Amino acid sequence: MPSNVIKDRLLAVLPESLRPQAAQRLAAALPTLHRLLAGLYGERADFEIWLGNLMGSLGVLYAARPAALKALDAERAAQPDWFLSQQMLGYCTYVNNFGATLAGVREQIPYLEELGVRYLHLLPFLRTRAGENDGGFAVTSFDDVEPALGNNADLEALTAALRAARVSLCSDFILNHVADDHAWALAAKAGDVDARAMFHIFPDRSMPDQYEATLGQVFPQVAPGNFSQVDALGGWVWTTFYPYQWDLNYANPAVFAEMAQALLRLANRGVEVFRLDSTAFLWKRVGTNSMNQPEAHQLLQALRAIVDIVAPGVLLKAEAIVPTRELPAYLGSANAAECHIAYHSSLMAAGWVGLAEQNTEVLRAVIANTPALPPAATWLSYVRCHDDIGWNVLRAEAGEDSAARLARVARFFSGAEGSYARGAAFQSSDPHAAHGSNGMAAALTGLQSAGTDEERAVALQRMLLLHGLALSFGALPVLYMGDELAMENDDSYLQRPQHAMDSRWLQRPQFDRARWQQRHDAATPAGRMYLGLTALVKLRRAHPALAAHAPRTLLDDAPESVLALARGDNFRALMNFSAQPQTYALPGSWTDCLSGAILDGSITLAPYALHWLERGEQ
Ligand code: GLC
């Protein structure tokens with residue numbers, strides 16, 4: 001079908017007033033979309049008909065986009081790098097832990113503004129499966145809010161209120177799998193042929209066994225293997241994560257079309273950023289680990305082209321917890337736009353290795369392996385999140401004996417060998433291999449185990465150091481709820497049989513109102529953390545050299561326990577990962593932005609200290 005016929009399918013459903021703008025966006029993005037989808041599905045006899053129908057559906061969603069969001073689209077089209085500013089700061093939380101409901105989260109907006117937050121990631125809030133649901137990551141309906149958290153009207157009221165406060169709402173979009181009680185799964189169990197085709201279903205073990213030969217495992221202890229036997233399906237279904245999370249089959253174009261529309265319907269409710277969950281797993285291939293396949297990138301690029309046509313103010317964020325070398329592809333290239341943002345899980349994990357080893361070797365290797373990015377794309381930097389710190393992303397950077405080295409780090413954070421940390425090893429059945437570590441930052445940095453004021457002060461310094469790394473790197477930094485108040489581990493999951501095997505629940509506590517009330521009291525750990533962190537946030541806002549896209553150079557003249565980053569010619573971030581003071585020579589005269597001290601020729605960094613320096617005497 002000639003592309004103007006496909007284009008007209010979209011234009012035909014738009015009111016006259018929207019057509020010139022739509023025609024412009026189609027001229028920019030449709031050739032790419034057509035090429036990508038033809039590459040994925042072009043061999044199907046009905047490909048062009050399918051694509052025409054998809055364009056018609058996209059047109060309906062285009063027309064339905066509310067005026068306020070269309071205005072936002074226009075504003076962002078005029079400044080596509082708006083999210084790279086040093087003014088940007090994210091915050092991530094579960095709805096129930098932070099505000100009980102979506103309406104309760106709305107009441108927390110003044111607190112978010114006080115913190116300087118411009119982006120709020122609410123962990124999954126869509127309708128989830130009855131019973132255990134992996135913290136909401138098993139979605140039953142993409143079109144309804146989880147009833148315990150509110151309804152669609154609450155979601156729209158929240159996004160409007162956040163927009164008015166200049167805070168962008170980020171929602172998970174769990175595109176790799178659905179819950180086993182999603183309508184497609186129920187229909188598949190009832191024998192519906194089209195619904196069965198939405199999943200990877202096998203009558204016996206022959207294909208699963210072939211795949212398993214080269215697949216990894218995400219939850220080797222609680223959910224071993226990648227396939228689950230379901231009697232109602234008469235066979236095995238692909239389940240990368242828990243058995244109740246059924247992987248979608250993106251080789252079927254209906255899956256792509258349905259999911260693209262589901263995303264846009266949420267965008268039309270005011271979601272501005274989508275955290276595309278588990279993007280690495282979207283395409284399966286025998287003989288590989290079925291991660292990071294070229295087709296997974298083509299799918300994401302096609303999704304991006306669709307967003308660029310219908311809702312260009314929306315950002316896509318890749319959650320791909322993969323080795324450093326695999327990460328940049330998720331941010332596309334100058335001629336193939338993909339996601340706008342990607343988690344830098346290697347940087348996050350390497351920061352923790354730095355603390356455990358009091359050495360920046362792995363961190364430096366990660367930074368050296370982090371390439372410059374295309375324009376209007378950035379990393380997401382963070383200290384903790386709701387998941388474990390996965391160590392295996394660092395295998396390449398951790399050197400020859402990386403498995404043993406990372407296993408040592410994991411043992412350190414589980415409190416072994418006299419360490420100050422109070423975390424838990426995650427899913428490691430083999431004591432000689434590393435998988436992940438869990439725990440709140442305050443527990444992993446020694447605040448929870450501290451017995452004296454001095455130990456508490458050192459632990460707080462470690463927490464500020466890691467946050468300083470996230471704020472200094474050149475990324476969109478995202479705080480994890482509770483860390484700003486130095487909240488500790490939540491052991492209550494051990495009492496819940498359905499969670500007791502999954503220690504990620506250690507770092508999913510309820511927002512602590514008592515600590516929140518102490519946040520301006522420097523005599524409390526919560527206050528010291530809060531005041532220290534907000535001082536850094538405030539300072540960062542004033543320094544364009546700390547924007548995501550300002551140039552970054554790793555300086556190799558620092559002692560091995562000090563990470564030294566130049567941000568442009570006139571700004572430096574220095575971080576001491578060791579328990580000993582460290583001296584570092586400086587060329588010329590610098591001003592310490594935090595203390596105002598003038599430094600001539602050198603600086604001595606206290607244990608775990610972070611410094612931001614500006615050239616000259618300010
Ligand atoms: C992502 C989420 C994680 C979840 C998994 C399966 O990795 O961050 O919490 O278990 O996807 O949806």
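Biologist: How much space lies in the largest cavity?
Modeller: In this predicted model, about 60 Å³ of space lies in the largest cavity, where a cavity is a set of points on a 1 Å grid over the protein atoms alone at which a 1.4 Å probe fits but cannot get out, and the volume is the space filled by probe spheres set on points joined across faces, edges and corners. Local features need pLDDT of at least 70, and residues are numbered from 1 along each chain as its sequence is written.

Biologist: Which residues line the largest cavity?
Modeller: The lining, meaning residues with an atom within 4 Å of a point, is made up of L347, M348, G351, W352, S381, Y382, V383, L466, L469 and A470. Two or more of these residues come from each of α14 (345–357), β14 (378–382) and α18 (453–472), with helices (H or I, at least four residues) and strands (E, at least two) taken as DSSP runs numbered from the N terminus.

Biologist: And which element gives the most?
Modeller: That is α14, which contributes 4 residues to the lining of the largest cavity.

Biologist: Changing topic, what is the volume of the second largest cavity?
Modeller: The second largest cavity has about 50 Å³, and its lining includes F173, Y250, F256, M259 and L303, while α12 (253–267) and α13 (294–310) each supply at least two of the lining residues.

Biologist: How many cavities are there overall?
Modeller: The structure holds 3 cavities of 30 Å³ or more.

Terms used:
Predicted model: local features only at pLDDT ≥ 70, side-chain atom pairs only at ≥ 80, totals over all residues. Heavy atoms only, no water. 1 Å grid on protein atoms, 1.4 Å probe; cavity = no way out; pocket = protein on both sides within 12 Å on 5 of 7 lines; lining within 4 Å.
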